[in-house]
Amino acid sequence: MILSANMEAFHQIIRFIQETDKLKTVIRETSPIGEARRENDAEHSWQLALMAVLLKDYANAPVDINKVVKMLLIHDLVEIYVGDVFYFDAKRDDNQAEKEKAAAEKLYGLLPEPVGKELYDLWYEFEFEDTAEKRFARAVDRYAPTLMNRYNQGGTWTKYQVPYEKLIEKLSPIKNGSQMLWEETQTYIEHSLEQGWIQKSE
């Protein structure tokens, strides 16, 4: 998308970039492989974009990879205002979706309209619509921490005592975007069960 060369639009974009630098301060629960520290949202978003590029051939359906990468780079930006919510947190706020939508409107509203609308629409598609790109992006988003937990001896699954059945339930949507990633995820879950990092419910 090409904008007319005007200084107002330029400074709006620079202001947006400054604001999104805050993503580096949003700390997630998951740790990088082999590290004690927790990753931040910016690291997570970068990794998702890289994974999508490398794994695009394993999507269930053909995808516009440029669109997928954009989705993955921007979908967590709302957490600058609302914070990261651990996916397996039983106390998740029922109003989280509304809070994130308001955050998206505020954040993408900082941009010149054509750019801001494009990014908001991509965020909205990732959250609420059903497209091949959304399904694959979601699969990658859920697979990444799964990979790290597998190689961190259970990671957050162990720390928060997430039961086997809950992992299967919460992670199974991965198969909607990539059957290959879902099969790999299942092997990680089974391995974690065998190692005693997770348990089945009583």
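Helices here are DSSP runs of H or I with at least four residues, numbered from the N terminus. The model is a predicted one, where local features need pLDDT of at least 70 and side-chain atom pairs count only at pLDDT 80 or more, while totals for chains, interfaces and linings use all residues. Residues are numbered from 1 along each chain as its sequence is written, and side-chain values use heavy atoms, with hydrogens and water left out.

The buried residues of helix 9 include Tyr164, Leu167 and Leu171 (buried is under 20% relative accessible area, exposed over 50%, partly exposed in between, with a 1.4 Å probe and protein chains only). Looking down the axis of helix 9, its buried residues fall within an arc of 60°, so they line one face of the helix; the arc is that of the directions from the helix axis to the C-beta atoms.

Tyr164 is also touched by lysine 200, as are Glu165 and Leu193, leaving aside residues up to four places away in sequence (contact means heavy atoms within 4.5 Å). Lysine 200 sits in the segment after helix 11 (179-195) and is partly exposed, at 48% relative accessible area. Between lysine 200 and glutamate 165 there are 6.5 Å from C-alpha to C-alpha, though the two are 35 residues apart in sequence.

Over in helix 7 is glutamate 133, which is buried yet has no salt bridge (a side-chain nitrogen of Lys or Arg within 4 Å of a carboxyl oxygen of Asp or Glu). For glutamate 133, the nearest side chain of opposite charge is lysine 67, 4.3 Å away; Lys and Arg count as positive and Asp and Glu as negative, with His and the chain ends not counted.

Conventions:
Helix = DSSP H or I, 4+ residues; strand = E, 2+ residues; numbered from the N terminus.
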